[in-house]
Amino acid sequence: MIRIYGIKNCDTMQKAFKWLAAKKLPYEFHNYKESGIDKATLEHWLKHLPLDKLVNNKSTTYRALTDAEKSSVTNKAKAIKLMMEHNSLIKRPVWDFGNGQFFLGWDEAALMQMI
């Protein structure tokens, strides 16, 4: 089963939800805002996804960070700590297909190849 991570009200997440419904694909949704995100999950993702892509440096949350915090996102341990504290820093959605395959963001053509 697909597990999708993100924030419910995000426009990109809304596209993903509509796409999943249209394809009649079962999924579980993990809402960062309600449930947070743990260190083990972030470390697991970083085995499959590059750190510089997982951190959304275009978000308003990122822009609100101090210069020191921004410069620390290239350090894995510090970036994980920041993503746990400010989960809106995580690019959305994160797709876990349950078979060791992960995908980050929204790209319908690429997702079609994953299912």
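## Reading the model feature by feature

Tutor: Lysine 81 and glutamate 85 both belong to helix H7, where they are four residues apart, about one turn of the helix. Please keep in mind from the start that this is a predicted model.

Student: What do the side chains of lysine 81 and glutamate 85 form where they meet?
Tutor: They form a salt bridge, with an N to O distance of 2.9 Å. Lysine 81 counts as exposed at 52% relative accessibility, while glutamate 85, at 47%, counts as partly exposed.

Student: How many salt bridges are there by this rule?
Tutor: The count comes to three. Another of them joins the side chains of lysine 39 and glutamate 43, at 4.0 Å from N to O, and since these two residues are four apart in helix H3, about one helical turn separates them. Both count as partly exposed, lysine 39 with a relative accessibility of 47% and glutamate 43 with 31%.

Student: Which residue forms a salt bridge with glutamate 28?
Tutor: Glutamate 28 pairs with arginine 3, and their closest N and O atoms are 2.9 Å apart. Glutamate 28 lies in strand E2 (residues 27–31) and arginine 3 in strand E1, so the pair ties together parts that are 25 residues apart in sequence. Glutamate 28 has a relative accessible area of 39% and is partly exposed, and arginine 3 is likewise partly exposed, with 29%.

Student: Which residues is valine 94 in contact with, leaving aside its neighbours within four places in sequence?
Tutor: With those neighbours left aside, valine 94 is in contact with Arg3, Ile4, Tyr5, Tyr32, Trp45, Leu49, Leu54, Phe103 and Leu104. Among these partners is Trp45, which is also one of the residues with the most contacts inside the core.

Student: How should I read a serine: is serine 88 buried or exposed?
Tutor: The classes rest on relative accessible area, with buried meaning under 20%, so serine 88, at 11%, counts as buried. Serine 88 lies in the loop between H7 and E3 and, apart from its neighbours within four places in sequence, is in contact with Ile7, Lys33, Ser59 and Thr61.

Student: What lines the largest pocket, and what is its volume?
Tutor: The volume of the largest pocket is about 180 Å³, and the residues lining this pocket are Cys10, Thr12, Asp52, Lys53, Val55, Asn56, Asn57, Lys58, Lys91 and Arg92. By residue class, the lining divides into two nonpolar, three polar and five charged.

Student: Finally, what should I look for in the backbone angles?
Tutor: As a general idea, most residues other than glycine have a negative phi, and most peptide bonds are trans. In this model, the peptide bond from arginine 92 to proline 93 is cis, with omega near -15°, and proline 93 is found in the loop between H7 and E3.

Student: Where is lysine 24 found, and what is its phi?
Tutor: Lysine 24 is found in the loop between H1 and E2, and its phi is near 55°, a positive value in a residue other than glycine. At 72% relative accessibility, lysine 24 counts as exposed.

How values were computed. Residues numbered from 1 in each chain as written. Predicted model: local features only at pLDDT ≥ 70, side-chain atom pairs only at ≥ 80, totals over all residues. Heavy atoms only, no water. Core = buried A, V, L, I, M, F, W, Y, C linked by side-chain atoms within 4.5 Å. Buried < 20%, exposed > 50% of the residue type's maximum accessible area, 1.4 Å probe, protein only. Contact = heavy atoms within 4.5 Å. 1 Å grid on protein atoms, 1.4 Å probe; cavity = no way out; pocket = protein on both sides within 12 Å on 5 of 7 lines; lining within 4 Å. Points joined across faces, edges and corners; volume = space filled by probe spheres on them. Nonpolar A, V, L, I, M, F, W, Y, C, P; charged D, E, K, R; others polar.
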